[in-house]
Every structure is written in structure tokens, then in C-alpha cells.
Amino acid sequence: MLPPRTAPPRESRLRPVAATDVRLCHRTVHGYRRAYRIAGEGPALLLIHGIGDSSATWSDLIPALARHHTVIAPDLLGHGGSDRPRADYSVAAYANGMRDLLGVLGIDRVTLVGHSLGGGVAMQFAYQFPERTERLVLVGTGGVGRAVNPVLRAVSLPGADLLLAALRLPGMRLSARLCTALLRGLDTGLGLDAPELLGLIDALPDATARSAFIRTLRAVVDWRGQVVTMLDRCYLTEGMPVMLVWGARDAVVPADQAHLAHLAMPGSRLEIFEDAGHFPFHTDPARFLALIEDFVAGTPPARWDGERWRDLLRTSGRDTGARLRDASERSAT
């Protein structure tokens with residue numbers, strides 16, 4: 001069995017906040033039931049979780065963020081309490097889904113906070129709908145370089161559904177826990193995230209959930225690594241406040257991609273959590289919360305200028321793809 005998870009140091013815990021009514025709601029959009037958590041009033045924050053996860057990953061942060069903001073944390077289609085249809089699970093489709101959910105809720109502009117796959121969705125949202133994007137916070141984000149944990153590359157291969165089903169068998173679950181206990185004992189980066197990663201298996205209780213997970217993964221990862229990048233369009237974030245947050249020991253999406261994204265995004269801010277893995281907002285929630293509040297309070301929301309956008313497309317982007325070709329695959333969109 002895994003050793004009990006130790007509590008974070010007292011200084012990293014969130015300070016108590018006034019009780020906030022965090023509601024788990026459901027709305028039907030395009031015939032599909034969408035789950036989301038919502039709380040607070042004020043400028044909107046959209047929190048987007050990673051692959052196999054759900055809005056519950058933000059639960060400890062939502063009450064504090066809701067003191068000054070309207071916080072919306074959706075379950076992506078195919079995840080959590082949302083429907084799991086046989087559908088398009090690409091990052092572009094997810095960005096469209098975020099736009100449509102915000103439209104249903106009557107919210108025009110947001111600051112996006114995206115983790116892992118959710119960071120890729122946030123970047124895609126900013127690319128597709130710059131006029132609706134005020135700021136970007138990207139946490140251990142996908143959609144930068146090719147590198148990704150070999151386990152995810154393996155799960156993208158044919159037959160992965162059988163592997164995921166087998167991992168839920170009692171004997172396999174015990175083996176997985178023993179393996180992750182060993183990784184934690186050896187003080188590896190992957191071991192840091194063992195509880196969260198094992199939780200992803202628990203979030204795939206049936207064939208429908210596993211199918212949605214694999215469709216989502218294959219939209220962004222193949223046997224060679226990540227297949228989608230926003231590096232070739234990062235110059236379009238010029239004038240948009242961007243903060244990158246990464247765990248130095250991230251074994252899912254390596255931290256060197258944080259520096260690559262930082263260089264590609266003019267004026268971006270980079271924050272590295274030295275003792276964190278892929279979930280820095282779980283490792284040190286107080287620091288993460290303080291960063292979000294400082295970033296939002298200290299930066300003016302982006303204002304989209306159509307003429308400036310056209311100028312950037314005509315000039316800044318001409319040689320970007322060639323310069324980044326060796327660093328990452330290029331997106332086809």
C-alpha cells in the first residue's frame with residue numbers, strides 16, 4: 001500500500017476564507033449535459049482541468065478565488081460529470097465547448113487558467129477567440145513541445161482500452177500502488193504525482209469513460225509524443241498577459257518546455273515550483289493562489305485589436321515555423 005500522503009508544510013496551506021457557495025451545476029449544450037462548478041462574483045476566471053481529471057481538482061482553490069471573481073470550473077466533455085459521447089475530443093473542439101458554455105452563462109470575457117491538456121485548450125481558446133480572452137495562466141501545459149511521459153505515449157497505441165481496463169483489476173491495482181510507492185520512496189518526479197495519477201484510473205470506471213479518455217489522448221499524443229503545438233502561433237499573445245507555472249520535477253510534461261514557451265511568448269511571466277511535479281497547485285496551493293491573485297490584480301486585461309492582429313499575422317509569423325521546427329511538431333490548424 002502507498003504510505004499516507006503527508007500534509008504540506010503549514011506555510012503552504014491555504015488560509016481559511018469566508019464560506020463561499022460553490023455550486024455543482026449542469027447545463028445542456030448542443031444536446032450534451034455539461035457539469036461545472038461555479039462560485040463568486042466579479043471578473044470571470046475559467047479553470048480548465050487536464051486529461052482524465054475533472055473540475056474537482058480545483059476544489060481547494062475555488063472558495064478563495066471566488067472572493068473577488070466569478071469562478072467557473074467545467075468538467076470537459078468526456079470527463080467528470082459531463083456526458084461522454086462518441087464525439088470530437090480535439091483541443092479545438094474543447095475550446096469551442098468553452099466558448100459555448102460561457103455563452104450559455106452570459107459571460108463575455110475571461111481569464112483562463114489551464115492545467116496540462118487544459119492549458120492546451122486555454123491556448124487554443126485564446127487563439128480562436130482573442131476578443132474573449134483577458135489573460136492566460138498555463139500550468140504544466142501541454143501543446144508546447146513533443147516531450148511527454150512515455151506512459152501516455154504507450155496509452156495512445158492500439159489496445160490501450162484493454163490495458164486501462166486491466167489496471168482496474170484488484171491484482172493490477174495492487175501492483176500499480178506498489179510501483180508508485182517505490183517511485184515515491186526513490187524520490188522521483190513521477191512519484192510526487194502518484195496519488196493524482198492513480199486517481200485518474202479511478203475516474204475511468206467503465207468502457208465509455210475509457211473510450212472518451214483514449215479519444216482525447218489520441219487527439220494530442222501519439223507514440224512519438226505530443227502532436228499539437230502552439231509554438232508557431234505564440235507570437236499572437238503579444239500584448240496579452242501570460243503566466244507560465246510549472247513544477248521543476250514534472251515527469252509528465254518536462255519543465256524545459258516551460259522555458260521554451262516562455263521564450264516564445266513575448267512578455268510572459270514564468271514561475272517554477274522547485275519541489276513540485278505535474279500538480280504545483282496541489283503541492284503548494286497557497287503560493288499558487290497568491291500568484292493568481294497577484295497576476296490578475298497586477299495586469300490589465302488584454303484588449304483585442306483586429307488591425308494589430310492582422311499586422312502580427314502578416315509580419316511576425318512568417319519565419320516562426322522554420323525557427324521552431326526542430327523544437328516541436330507544428331500544428332496543422
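The protein, given here as a predicted model, exposes about 15,000 Å², of which carbon and sulfur atoms supply 55%. Of its 333 residues, 52% are buried, and the secondary structure comes to 14 helices and 10 strands. Where contacts join residues at least 6 apart in sequence, 76% of them link residues at least 24 apart.

Confidence should be read alongside these totals. The mean pLDDT of the protein is 84, with 76% of the residues reaching 70 or more. Over residues 1–13 the pLDDT is below 50, and this stretch has 22 contacts in the model beyond near neighbours in sequence; over residues 325–330 the pLDDT is likewise below 50, with 18 such contacts.

Turning to the rings, the count comes to six aromatic pairs. One of them is formed by Tyr89 and Tyr94, whose centres lie 6.1 Å apart with 45° between the planes, a tilted arrangement, and both of these tyrosines are buried. Phe125 and Phe129 have ring centres 5.2 Å apart and planes at 65°, and because an angle over 60 degrees counts as edge-to-face, the pair is assigned to that class; Phe125 and Phe129 are both buried. Elsewhere, ring pairs link Trp58, Phe279, Phe281 and Phe288 into a cluster.

| Charged residue | Ring | Distance to ring centre |
|---|---|---|
| Arg233 | Tyr127 | 4.5 Å |
| Arg287 | Phe273 | 4.0 Å |

Note on methods:
Residues numbered from 1 in each chain as written. Predicted model: local features only at pLDDT ≥ 70, side-chain atom pairs only at ≥ 80, totals over all residues. Heavy atoms only, no water. Helix = DSSP H or I, 4+ residues; strand = E, 2+ residues; numbered from the N terminus. Buried < 20%, exposed > 50% of the residue type's maximum accessible area, 1.4 Å probe, protein only. Contact = heavy atoms within 4.5 Å. Areas by Shrake-Rupley, 256 points an atom, 1.4 Å probe, with all protein chains shown as cover. pLDDT = per-residue confidence, 0-100. Phe/Tyr/Trp six-rings, centres within 6.5 Å; stacked < 30°, edge-to-face > 60°. Lys NZ or Arg CZ within 6 Å of the ring centre and 35° of its normal.
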